[in-house]
Amino acid sequence: MDRAGSACSYVSVDRDHSGAAHGSKDEGEMAKFLISTMPETGHIYPALPIATALAARGHQVRWHTGPDFADKVSQTGASFVPMKHAPRFQDLTPRPKQSRSWEAVVGALRRLFVEPAPGQLRDYTEILSDFDADVVINESTAGLGPRLLHELGGPPWARLGVSPLPSLPTSAIPPLVSPAVFADPPEVLPYSDDPGVQDRYRRMNWEAANVHMSQLTEALDELRARFGLGPQPTGETGFAATISPFLQLQTGTLAFDYPRPELPAQVHHVGPLLPPGPDVFELPPWWQDVVSADRPVVHVTQGTVATDPTSLLRPTLDALADDDVLVVATAANPADLGPLPANVRLAKSIPYALLLPYVDVMVTNGGIGGILAALTHGLPLIGGGRTEDKPAVCARIAHTGVGIDLKTDRPTVGKIRDAVRAVLSNPSYQRAAVRVQTDFARHDPPVEAAVLLERLAETKAPVV
């Protein structure tokens, strides 16, 4: 396996006595940005509006990801750069089996953050050989290659948060990861504003980072040593290392989260980063049924990763078969659903910008992109997701009052039916969703993100 050997093997930059990196650009010249994302829809889509805004403002943008998304990258005005050595999710070691052990938690996090970094570093080095990027941007579940690159002399790095921010050692909120969350079935602790409970959560978060997940910190130190870097600064845990010390761009706002006064100043919530609607889309032949519906419209989606239709999709269709609603379902493989009830309309996909204005409630497996899109339209939600970050996302549906958390990814037909009826009959859910929608509307996410990235490119210092 290749090894760097020394920092100068990667990039060459000028530094002043403070250690700050300086490029050789003339004053006033537009900046260069390197975006790097895992080639999955939920990881690509939040970066699309950022790349579009940066390119429209005259900056040079290169985007490092998988070839399946080359066309979408090019449509933003960015230049596509294929992943060569950086692994995709499916190239990583198999996901650890869910179990109630910290070993399983550490294994899952090592897989996401540590394992991809060497390959990313090789790709970034090749890209930077003819593209002197001012900033590298990658997303929150895509390895720590940019961090290593910077510490080896490369540009500062920004992180795009496409999932809930991790709980920090000082957080008074339920831990984002724990053996209970990774168990089968997972168990998510509820938020509480009781001081005693918050003190307990702080202890749990400190112990998780400094004791239970110390092996993650050790794995990161081993990775750093491989490239000639010393251990992490004293007191910095492996999980905290996933937040950029320069700039953390977080999709959404704190209106759809727990109170987070402990977050570092370089964390900026910029509003929901959603992909633009398509210029051309062939609507399904039944589309007029949706447009002219005189009954509630329920949208159910299984997302793009955990796509087993028997977990949420099919039970929802069965649950609502006899209700006076129109169900619009999207499925990666529509044929897998079998015979459909008369009130169901099915498509492989429909852009949210076209569909959601006609929807009254969304049933979702907890993908954050779809949830933010629904809340942008003031739609209440029913969440049923138990993998990846979905338990934490669904818990926020309940906490913010915008809907119901089913607390399982395999809900019964009766449980789904009761939840949909409750949301449609109780206006408090929609009022809460509109409250979040109003907060989202205060933001211009692509422009806010672009301005913050420009500040980082100019100053090479934390954006606070």
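The legends below describe views of a predicted model of one chain.

View 1. Along the principal axes, the C-alpha atoms fill a box of roughly 70 × 50 × 40 Å.

**View 2. Burial and contacts in the chain.** Of the 464 residues, 54% count as buried. The chain exposes about 19800 Å², and carbon and sulfur atoms supply 51% of this area. Among contacts between residues at least 6 apart in sequence, 66% join residues at least 24 apart.

**View 3. An open sheet of six strands with parallel pairing.** The strand order is β12-β11-β10-β13-β14-β15. At the edges stand β12 (344-347) and β15 (403-405); each has a single partner strand, so one side of each is left without a neighbour in the sheet. Neighbouring strands of this sheet are turned by 15° against each other on average, direction ignored.

**View 4. The pairing of β10 with β11.** Strand β10 covers residues 297-301 and strand β11 covers residues 326-330; the two pair in the parallel sense over five bridges. Thr 301 has Thr 330 in β11 as its bridge partner.

**View 5. Helix α15 packed on the sheet.** Helix α15 (residues 413-425) touches β10, β13 (361-364), β14 (381-383) and β15. The direction of helix α15 makes about 155° with that of β14.

Key:
Residues are numbered from 1 along each chain as its sequence is written. This is a predicted model: local features need pLDDT of at least 70, side-chain atom pairs count only at pLDDT 80 or more; totals for chains, interfaces and linings use all residues. Side-chain values use heavy atoms; hydrogens and water are left out. Two strands pair if DSSP finds at least two bridges between them. Helices (H or I, at least four residues) and strands (E, at least two) are DSSP runs, numbered from the N terminus. Axes are lines fitted to C-alpha atoms, for helices over the stretch in contact, and angles run from 0 to 180 degrees between N-to-C directions. Contact means heavy atoms within 4.5 Å. Buried means under 20% relative accessible area, exposed over 50%, partly exposed in between (1.4 Å probe, protein chains only). Accessible areas come from the Shrake-Rupley method with a 1.4 Å probe; for residues, only the protein chains shown count as cover.
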